[in-house]
Amino acid sequence: MFLSKFANLVKTGCVSREPKKPISRRANTGVGAPGYSKTGIRKSKNSRWRATALILLNLFMIAHIIQWRIMGRTVSPIEPSETMYTLQNGFINAGFIFFTLAILATLIFGRYICGWGCHILALQDFCGWLLKKMGLHPKPFRSRLLVYVPLIGALYMFVWPVVYRMFSAPHEPLIPKFTNHLVTTNFWQTFPTVAVAIPFLFVCGFMTVYFLGQKGFCTYACPYGGFFGLADKFSPGKIRVTPACNQCGHCTATCTSNVLVHAEVKQYGMVVDPGCMKCMDCVSVCPNDALYFGFGKPSILVPKSDAIKRNYSLTWPEEIVGVLVFFGSFLAVRGVYALVPFLMALGCATVTTFLTLKTWRLFRAKELSFYRFNLKSAGKIRKAGWAFAMFAFVWVGLNAHSGWIRYHEFLGNRAFKKVQVPDELALAEVNPARWLSAADRQNIVAGKDHLQTASKLGLFVNNETLPKLAWFEYLLGNTEQSVELLGQSAAYQKGEAKALSLYYRGAILNRLGRYDRAQTSLDQALAERDDLILARQEKGESLWQLGRRDEAISVWSDAVRRNPRLALVNNELAGAKQSLGKIDEASSHAMQADQVTPNDPLFHWMIGRRLQDLGMTGLSEKHFQRASQLNPGNQSPGGR
Ligand code: SF4
Ligand code: SF4
Ligand code: SF4
């Protein structure tokens, strides 16, 4: 029975060479015996220990979240991705410390962290176990080129931001000043929402395992694995072999990382494949106890031999098509709807690549199977084949649709960035058409078209592009539409983004003279972000217009206490005090306002316009005149 399994492994590419010596007597007699699997291979004693370690890890993660929910403060996420914030912003957080220690440990002991301390691996193992219970044994997908994705992903995530800053801001330090972010009150800030996390785990766990093998995500997507794999090559800690090995192949048949253990130990005396995660299963199942973990020469110093031939799943043309499909799929889904994070996009791209290539083969090959399903035989596509093709079409179709949406989102966002008109000027009065340059108009119209298309044809709401679309509508004079879109945006947003949408909505409602609704919107903005001073300034205007003058002064005073350099608020306070006959206080604010108001005719015009709306005509006239002096002949003073 074992022989037939081994022959099968050779056919499917799990091992490339026949074992030279007969299978050991111990292994043969083990068939069906306690402690042995049906194939006669000894069961791994380590798998229970590893499962326990991975379950404890998940329990620890859950406990971490519960502790944060109860106490409101906790240690920042112990997650390698947090290192990006250290490199970009100088935040020293728990994730950075963990990742640094993990890389250092890998440099000495090899990739133990992957095998024993990764929750994604736990998920992949769980999925693999479930599939096996269903009688489905995930087969490894072997590509020559896609194995470089994790390393490229790691370089993009952790090295590219530093290189980019080096060239884009050469005067800034390479690594920003470090600040302590070991404890956080906002534990979930850098993580996707639960609604995204669930499909993320489904794609990166179940789908990659089902289609690409038990370590599909690790092999073709995980950027951390890119660095761990590299570090493993330098580590002296390796799975090594004694002369007791008789090349039975049990180790290779057991390894879920698709390492050709029997061949590598024969050729090099140790496992050199950087995909080895030191799970120790091969050590445990070896019938001759020939394997052990030990220190010696790192694999980087061992010359590579051609004696070990791997069977790959793809031909060279398929490899090239695969890379193109992977890249296209990654670009299509990454960030689409502002929902799909980097790692999930990598996971999706691996699945898309597999499905595309397999479907391609389905139509070209005479025979094709997948797991125990016969997709095509004697040149005829079977029912299972059509089902597979249908699934692949739906998946790839969704990918293409995401790409189409992403294209419009990208162009819409790019047009948004190019619009030059300052917010203060645009918000000085409804319909700011006269302040728009020809280029602004062009970008606004094009940007609106793109974002509208993305919004109409999209399957989900993009809460990042919706406020941009609202701004385009406002600049084009479609104020009602803009207010509605900002309300919709706020309903989908959280934190700062929500506060900003509500602030803009409140500001536009103020310009429309709907002060009650404006005040409600601004109060909601301040409930999200108490430090949003612009919302305080606008709220003061709503209250002033509603006749609640003492409250307005109190809100403006609070704003200048937080930031004394607010030109408009100081002017508003000067006007308010003046109207109440408090001349000394009025002139003190007017002096402060003069000091902080930029010598810019448009800025003076903007302040004049806002004061005029508030009925502070004396002060507004002063600013209109100043605008005229600074730029005689300009349209601003005439446009009061
Ligand atoms: S490669 Fe990535 S996903 Fe796989 S075990 Fe290592 S860290 Fe986890
Ligand atoms: S190391 Fe052990 S399990 Fe692997 S081929 Fe040699 S004897 Fe067999
Ligand atoms: S080579 Fe051995 S230790 Fe390494 S992953 Fe495979 S079974 Fe585990």
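The buried residues of H11 are Pro 223, Tyr 224, Gly 225, Gly 226, Phe 227, Phe 228, Gly 229, Ala 231 and Asp 232, where buried means under 20% relative accessible area, exposed over 50% and partly exposed in between, with a 1.4 Å probe and protein chains only. Helices (H or I, at least four residues) and strands (E, at least two) are DSSP runs numbered from the N terminus. With nine of its 12 residues buried, H11 is mostly covered. Its buried residues pack against helix H5 (94-109), helix H6 (112-117), helix H8 (149-168), strand E5 (237-241) and H16, contact meaning heavy atoms within 4.5 Å.

This is a predicted model, in which local features need pLDDT of at least 70 and side-chain atom pairs count only at pLDDT 80 or more, while totals for chains, interfaces and linings use all residues. Residues are numbered from 1 along each chain as its sequence is written, chains are lettered from A and ligands numbered from 1 in the order in which they are written, and side-chain values use heavy atoms, with hydrogens and water left out.

## Ligand shells

Ligand 1 is surrounded by Arg 111, Cys 114, Cys 118, Ile 120, Leu 121, Phe 217, Cys 218, Cys 222, Gly 225 and Phe 228; a residue belongs to such a shell if one of its heavy atoms lies within 4 Å of the molecule. Helix H7 (119-133), helix H10 (216-220) and helix H11 (223-234) each supply at least two residues of this shell. Its composition is eight nonpolar, one polar and one charged. In this classification Ala, Val, Leu, Ile, Met, Phe, Trp, Tyr, Cys and Pro count as nonpolar, Asp, Glu, Lys and Arg as charged, and the others, Gly among them, as polar.

Around ligand 2 stand Cys 245, Asn 246, Gln 247, Cys 248, Gly 249, His 250, Cys 251, His 262, Cys 286, Pro 287, Asn 288 and Leu 291. This shell holds six nonpolar and six polar residues, and no charged ones. Ligand 3 has Ile 239, Cys 255, Ser 257, Val 261, Cys 276, Met 277, Lys 278, Cys 279, Met 280 and Cys 282 around it, which divide into eight nonpolar, one polar and one charged.

## Ser 299

Ser 299 is found in the loop between strand E6 (291-295) and helix H15 (316-333). Its relative accessible area is 9%, so Ser 299 is buried. Not counting residues up to four places away in sequence, Ser 299 touches Asp 232, Lys 233, Ser 235, Lys 238, Met 270 and Val 272.

## Nonpolar cores

A nonpolar core is a set of buried Ala, Val, Leu, Ile, Met, Phe, Trp, Tyr and Cys residues joined through side-chain atoms within 4.5 Å. The largest has 69 residues, of which Phe 158, Phe 211, Tyr 224, Leu 346, Phe 354 and Leu 355 touch the most other members. Helix H16 (residues 342-364) gives the most to this core, with 12 residues. A second, separate core of 61 residues includes Tyr 503, Ile 533, Leu 568 and Phe 624.

Leu 346 touches Val 149, Ala 221, Pro 223, Phe 326 and Phe 330, residues up to four places away in sequence being left out.

## The sheet E7-E8-E9

Three strands form an open sheet in the order E7-E8-E9, with antiparallel pairing. E7 and E9 stand at the edges and have a single partner strand each, so one side of each is left without a neighbour in the sheet. Strands pair if DSSP finds at least two bridges between them. Strand E7 (residues 368-370) and strand E8 (residues 373-377) are joined over three bridges; Phe 370 has Phe 373 as its bridge partner, and Ser 369 has Asn 374. Two bridges join E8 to strand E9 (residues 380-381), where Lys 376 is partnered by Ile 381.

Both connections are hairpins. Two residues lie between E7 and E8, and Tyr 371 in that turn has a positive phi of about 55°. Two residues also separate E8 from E9, where Ala 378 in the turn has a positive phi of about 50°. H17 lies across E7, E8 and E9, running at about 100° to E8; axes are lines fitted to C-alpha atoms, for helices over the stretch in contact, and angles run from 0 to 180 degrees between N-to-C directions.

## Helix H20

Nine of the 10 residues of helix H20 (residues 466-475) are buried, so H20 is largely enclosed by the rest of the structure. Among the elements covering these buried residues are helix H17 (383-418), helix H19 (438-457) and helix H22 (495-511). Just after H20, Gly 477 takes a positive phi of about 90°.
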